[in-house]
Amino acid sequence: MDTPTPTNSAIANPATFHPALAASEWIELKEARGQTVNLHRIGTPHHLIQQPTLIERIHARRAEIGIAGPTPLIA
């Protein structure tokens, strides 16, 4: 079985890679294989979703469990 290849292989060349080009080539490859693409079912790419940093998650967890300050070294 021959796998269709995109006409402009931006995915294989890091110098010309762009996410929008990768998406259009992915759609082109899917359609060449006879598979449908429903863009309304595809969510926001994970690299575009704002995630809290590690320190923000730590501070939020400390506030959630009620830790107000640092743990004393001598009790």
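Helices in this report are DSSP runs of H or I with at least four residues, numbered from the N terminus. The structure is a predicted model, in which local features need pLDDT of at least 70 and side-chain atom pairs count only at pLDDT 80 or more, while totals for chains, interfaces and linings use all residues. Residues are numbered from 1 along each chain as its sequence is written, and side-chain values use heavy atoms, with hydrogens and water left out.

Helix α1 covers residues 19–32 and holds Trp26. Together with Leu39 and Ile42, Trp26 forms a nonpolar patch on the surface, with about 300 Å² of accessible area in total; such a patch joins nonpolar side chains (Val, Leu, Ile, Met, Phe, Trp, Tyr) within 5 Å, from residues with over 30% relative accessible area and no salt bridge. Areas come from the Shrake-Rupley method with a 1.4 Å probe.

After α2 comes Gly66, whose phi is positive, near 90°.

Within α2, Arg61 and Glu64 lie three residues apart, about one turn of the helix, and their side chains meet in a salt bridge at 2.7 Å, N to O. A salt bridge here means a side-chain nitrogen of Lys or Arg within 4 Å of a carboxyl oxygen of Asp or Glu, and the count comes to one.

The table uses these classes: buried is under 20% relative accessible area, exposed over 50%, and partly exposed in between.

| Residue | Relative accessible area | Class |
|---|---|---|
| Trp26 | 37% | partly exposed |
| Arg61 | 43% | partly exposed |
| Glu64 | 60% | exposed |

Conventions
Helix = DSSP H or I, 4+ residues; strand = E, 2+ residues; numbered from the N terminus. Patch = residues over 30% accessible without salt bridge, like charges linked within 9 Å, V, L, I, M, F, W, Y side chains within 5 Å. Buried < 20%, exposed > 50% of the residue type's maximum accessible area, 1.4 Å probe, protein only.
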